[in-house]
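Open the structure in your viewer and keep the selection panel to hand. The stops below say what to select next and what is there.

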Amino acid sequence: MLGSKPLPPELFDAVQRHWGFASLRPLQEHAIRAVLNRRDSLVVLPTGGGKSLCFQAPAVVQGGLTVVVSPLIALMKDQVDGLTRIGVPAARLDSTLTAAERAATFEGIRNGTTRLVFTSPERLVNTEIFRLLQSANTHTIAVDEAHCVSHWGHDFRPEYRQLARMREFFPKASVHAYTATATEQVRRDIIQQLNLRQPEIHVGSFDRPNLTFRVLPRVEMHAQVREVIDRHPGDAGIVYCLRKKDVDEMCAALKAAGYRAVSYHAGMENAARRATQDAFAAEEADIVVATVAFGMGIDRSNVRFVIHAAMPKTIEHYQQETGRAGRDGLESECVLFYSGQDFLSLKWMIEKSGEEGGASAEYVATSVKHLEEMARYCRGAVCRHKALVQHFGQTYDIPNCGACDICLGDTQEVPDAMTVAKKILSCVARLKESFGTAHVIEVLRGADTAAIRSRSHHQLTTYGLLKNVPKNDLRDWIYQLIGQGALVQSGDEYPVLKLNATSWDVMSGRSTIRLIQLARRAKRSADGGKA
Ligand code: ADP
Ligand code: ZN
């Protein structure tokens with residue numbers, strides 16, 4: 001066993017010789033050690049964190065064969081081409097090979113020259129090729145994009161479920177899973193579905209300090225998107241839209257205005273999608289306008305901005321998609337435009353997938369919860385780096401990141417936020433912590449509704465305390481109180497607002513919170529450039 005002994009010098013030599021890297025990142029060392037020790041592992045690193053080296057480098061110094069499972073032919077091709085360029089013998093087994101290519105791949109595996117072979121999950125377990133791979137001494141199986149095995153992840157692929165069987169075919173091989181999606185639920189699912197045996201788990205830092213995050217209410221989508229693009233003239237960027245129709249319209253508008261834009265969505269033919277990817281990789285296009293379908297394996301490290309023209313479905317999606325910016329480590333900007341309508345549209349899509357697509361009720365409920373987390377992020381008043389890192393279960397101690405709208409002061413503080421917060425919290429208390437956000441807002445605004453009259457809530461002392469505040473602002477502030485831990489939303493089917501110790505500290509003035517005025521930010525951003 002290698003234990004925590006230093007890695008063998010051959011490994012560093014290989015990394016230097018083939019990749020030209022002077023050193024390994026700390027987590028890469030741990031991840032590589034697990035492979036050399038033949039110890040199952042789960043490695044979670046954000047996009048751009050350097051996952052591929054974790055299984056590629058050990059494959060070079062070990063005898064025998066490493067099998068890499070990958071979800072997309074395009075991804076396999078990129079990796080094999082990249083490895084071949086740097087002199088690492090790699091091949092792929094997929095449906096697109098010609099008879100001659102296939103024969104060459106087989107020969108390389110048989111005579112032991114091939115170090116890494118890339119294939120799809122269904123090929124690995126459903127065809128006879130596992131016999132060939134067995135006889136070639138396959139000792140390592142690397143499962144790339146391992147979150148595809150979990151339907152809690154953002155890219156579930158049923159084929160990945162078949163991988164449970166690979167242990168039968170390769171009982172002696174160690175199995176290593178790699179992903180950028182880090183929620184507890186997905187992690188547990190990967191371990192279980194892939195039958196990992198007492199895996200080492202390595203989770204990298206989820207902060208991307210070179211990204212500046214901004215969230216703005218969407219007022220005029222096209223103008224706002226162009227404003228961001230114009231801060232990065234001639235640079236590469238991605239604009240994510242909710243629907244195919246939005247992609248087509250946005251791309252057409254950008255082209256008409258003279259930008260080098262191309263589009264990408266699931267409704268396009270394979271060849272057209274490939275053309276978009278190639279044009280972007282070859283720097284013949286600056287901007288890709290896309291739905292979530294675009295992303296895995298984008299081979300361009302100098303993406304300077306990622307714009308979300310609408311709110312994504314989950315924070316995982318957001319993290320994954322913004323992760324495509326600044327993979328070269330240079331400063332890049334991520335701007336998200338949202339409106340309350342996004343939440344409703346996405347919720348409708350999720351519910352429809354339950355009714356028509358046969359998704360389970362549990363799945364629908366979890367998806368809606370994820371959507372709510374995303375909405376709270378958008379409307380929050382907490383440093384964006386902090387909020388994102390905390391979402392992935394890590395702590396963030398830097399008081400001012402200097403790289404988000406909140407810390408840069410793009411936002412406007414609500415005057416006398418403490419008084420406003422006390423009014424909201426005491427209304428929740430008067431309502432005996434038994435009502436949801438919408439009802440609390442109605443009571444605070446002094447609405448005359450049947451629900452209020454029938455419960456005599458118009459007689460509460462907090463009724464109408466914030467009469468002149470727009471509904472949207474109140475909802476923002478409630479989310480901001482939740483985000484700062486001064487209010488809790490609980491209950492699955494009918495979420496109600498509840499108080500906790502911090503709420504009482506705020507009401508008695510022992511703790512302070514801040515509230516920001518989100519709706520004004522759209523105007524401010526119109527005159528403010530990049531800070
Ligand atoms: P991921 O698959 O996690 O998104 P990649 O494997 O594509 O990340 O690596 C991201 C970038 O980091 C690539 O440009 C790669 O060349 C670079 N990289 C990876 N490891 C190192 C290292 N040890 N030193 C320097 N650059 C590295
Ligand atoms: Zn910040």
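Two strands pair if DSSP finds at least two bridges between them. Helices (H or I, at least four residues) and strands (E, at least two) are DSSP runs, numbered from the N terminus. This is a predicted model, in which local features need pLDDT of at least 70 and side-chain atom pairs count only at pLDDT 80 or more, while totals for chains, interfaces and linings use all residues. Residues are numbered from 1 along each chain as its sequence is written, and chains are lettered from A and ligands numbered from 1 in the order in which they are written.

**Stop 1: the seven-stranded sheet**

Select strands E1 to E7. Seven strands make an open sheet with parallel pairing, in the order E3-E4-E2-E5-E6-E1-E7. Strand E3 (90–93) and E7 are the edges; each has a single partner strand, so one side of each is left without a neighbour in the sheet. From one strand to the next, the twist averages 20 degrees; here axes are lines fitted to C-alpha atoms, for helices over the stretch in contact, and angles run from 0 to 180 degrees between N-to-C directions.

Next, zoom in on E5 and strand E6 (residues 174–179), which pair in the parallel sense over four bridges. Ile141 stands opposite Val175 in E6.

**Stop 2: two asparagines in loops**

Select Asn137, in the loop between helix H7 (129–135) and strand E5 (138–143). Asn137 is not a glycine, yet its phi is positive, at about 60 degrees.

Then select Asn195, in the loop between helix H9 (184–193) and strand E7 (200–203). Phi of Asn195 is positive too, near 55 degrees. With 15 other C-beta atoms within 10 Å, Asn195 is partly exposed.

**Stop 3: the six-stranded sheet**

Select strands E8 to E13. Six strands form an open sheet with parallel pairing, ordered E8-E13-E12-E9-E11-E10. Strand E8 (211–217) and strand E10 (261–264) are the edge strands, each pairing on one side only.

Inside this sheet, strand E9 (residues 236–240) and strand E11 (residues 287–290) run parallel and are joined by four bridges. Gly237 has Ile287 as its bridge partner in E11. Helix H12 (residues 270–281) lies across E10 and E11, running at about 140 degrees to E10.

**Stop 4: a helix pair**

Select helix H17 (residues 417–430) and helix H20 (residues 471–483), whose axes come within 11 Å and cross at roughly 90 degrees. H17 and H20 are therefore roughly perpendicular to each other, a term for angles of 65 to 115 degrees. Val420, Ala421 and Ile424 of H17 meet Trp477, Ile478 and Leu481 of H20 in this contact.

Technical notes. Two residues are in contact if their C-beta atoms, placed from the backbone, lie within 7 Å. Angles under 35 degrees count as roughly parallel, over 145 as roughly antiparallel, 65 to 115 as roughly perpendicular and the rest as oblique. A residue is buried if 20 or more other C-beta atoms lie within 10 Å of its own, exposed if 12 or fewer, and partly exposed in between; C-beta atoms are placed from the backbone.
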